[in-house]
Amino acid sequence: MNSFIYLDHAATTPVLPEVLTAMTPYLTESYGNPSALHQAGQAARSAVEYARLSVARTLNADPSEIVFTSGGTESDNAAIFGAALAHPDKRHLITSPVEHHAVSEPLHTLEKQGYEIEIVPVDRYGRVDADYVGSRLRPDTLLVSIMYANNEVGTIQPVSEIGALCRAAGVLFHTDAVQAFGKLPINVVAQNIDMLSISAHKFYGPKGIGVLYVRQGVTIHRYQQGGEQERGRRAGTLNVPGIVGLGKAATLVCNEMPVETERLGKLSSYLIERVQNDCADVYLMGSTTHRVPGNVHFCVRGVEGESLLLALDAKSICASAGAACSAGSVEPSHVLSAMGVDRELARGALRISLGRATDQAAIEKAAAVLTQSIRDLRALSMA
Ligand code: PLP
């Protein structure tokens, strides 16, 4: 048993015991290279293909449309650079201001190379307007890349609507579903998604393994040069244990999704209500209706998020002051800025993300420690 209460599942999740059990043989006796033709290689190949089928099923994709990568960052980079390399005649791309850096940075690189990157605005809940996105599509639009759900405030984007508009206009649509997979139903066919990124460590699989779904008929060029693995779409020896773990975790979380998301929804609502009842000037950021289950994001007036985080950590509660990747930076998050949250309030950002091990007792403790920490820090700043 851990001695801490872990409430940072949006940053990463533990590997489930069943997932570890599935992976272990591929770290020990079944170590063949799946590209090798001998029996050791073919045993590994079968495991990879089974995992490919498993993850494809969870997305309503065909197994041939699944490309294994090293995680969400690589999937996002491969989608964006891969599309740009394959379609050099199209130079206009559309995105939102609340994307993860794994999307915004590759786009920024393209911008420096002369591409036009159009950033559509979000409302105060962090949501883009699908019709507005549709109105910006042009004959030279290469790609729309808009995330499925936000990693900080948990806002869910109108992915199906954007997908339909892009498909009708013949524009590629990529969505970063790293925070959505396993928490929200995804159907790449019904939602007209051309490319989609996921990462195993966000859904109880291992770190360093992900998927880029690429719809049949969509051409992207690989930007990493090397071997012919993944039908020439991603060079490099396959991470067999990671792939097996990803496949197992994907099946498990998707099977349990209806029950688990309802449970997490109730726990989150309870936490929000308790903290807001006990402390004034604590604001829930993001949307109440379009929100990833298990995400709670507060902005606390008059308190630094980092101080709150440390106060919680001192009581063995792990949370996040915004997004893990920007921890340590004093600048308010780009997500909150895009939502129009004032700078001072944005400094009091705290993300609490619940997961499978979170129970009522953990939430009671977290609520009590959080409200006390807010009071203590406010008293300190008045002194
Ligand atoms: N996209 C989103 C929305 C994320 O939350 C993250 C991780 O925090 C990533 C991409 C990057 O994924 P990975 O850590 O697998 O590279």
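Reader: What is the N to O distance at which the side chains of Arg-52 and Glu-49 meet?

Author: This is a predicted model, in which local features need pLDDT of at least 70 and side-chain atom pairs count only at pLDDT 80 or more, while totals for chains, interfaces and linings use all residues. Residues are numbered from 1 along each chain as its sequence is written, and side-chain values use heavy atoms, with hydrogens and water left out. The contact is a salt bridge, defined as a side-chain nitrogen of Lys or Arg within 4 Å of a carboxyl oxygen of Asp or Glu. For Arg-52 and Glu-49 the N to O distance is 2.8 Å.

Reader: Why are Arg-52 and Glu-49 separated by about one helical turn?

Author: Helices are DSSP runs of H or I with at least four residues, strands are runs of E with at least two, and both are numbered from the N terminus. Arg-52 and Glu-49 are separated by about one helical turn because they are three residues apart in helix H2 (residues 39-59).

Reader: Is Arg-52 buried or exposed?

Author: The classes rest on relative accessible area with a 1.4 Å probe and protein chains only: buried means under 20%, exposed over 50%, and partly exposed in between. Glu-49, at 30%, is partly exposed. Arg-52 has a relative accessible area of 6%, so this residue is buried.

Reader: How many residues apart in sequence are the parts that Arg-52 and Glu-230 tie together?

Author: Arg-52 also forms a salt bridge with Glu-230, with 2.8 Å between the closest N and O atoms. Because Arg-52 lies in helix H2 whereas Glu-230 lies in the loop between S8 and helix H7 (240-278), the pair ties together parts whose separation in sequence is 178 residues.

Reader: Which residues are linked with Arg-52 in a network of salt bridges?

Author: Arg-52 has the two partners already described, Glu-49 and Glu-230. The network of salt bridges links Arg-52 with Arg-45, Glu-49 and Glu-230.

Reader: Where does Arg-356 lie, given its salt bridge with Glu-256?

Author: The side chains of Glu-256 and Arg-356 meet at 2.4 Å, N to O. The pair links distant parts of the chain, 100 residues apart, with Glu-256 in helix H7. Arg-356 itself lies in the loop between strand S12 (349-353) and helix H11 (360-382).

Reader: How many aromatic pairs does a search of the whole structure find?

Author: Rings of Phe, Tyr and Trp (its six-membered ring) pair if their centres lie within 6.5 Å; planes under 30 degrees apart count as stacked, over 60 as edge-to-face and the rest as tilted. With this rule, the search of the whole structure finds three.

Reader: What is the angle between the planes of Phe-4 and Tyr-6?

Author: Phe-4 is partly exposed at 35% relative accessible area, and Tyr-6 is partly exposed at 23%. Their rings form a tilted pair, 6.5 Å centre to centre, and the angle between the planes is 55°.

Reader: How many residues apart in sequence are the parts tied together by Phe-181 and Phe-203?

Author: These two rings form a tilted pair, 4.6 Å centre to centre with 55° between the planes. Phe-181 lies in the loop between strand S6 (172-176) and strand S7 (195-199), and Phe-203 in the loop between S7 and strand S8 (210-214), so the parts are apart in sequence by 22 residues.
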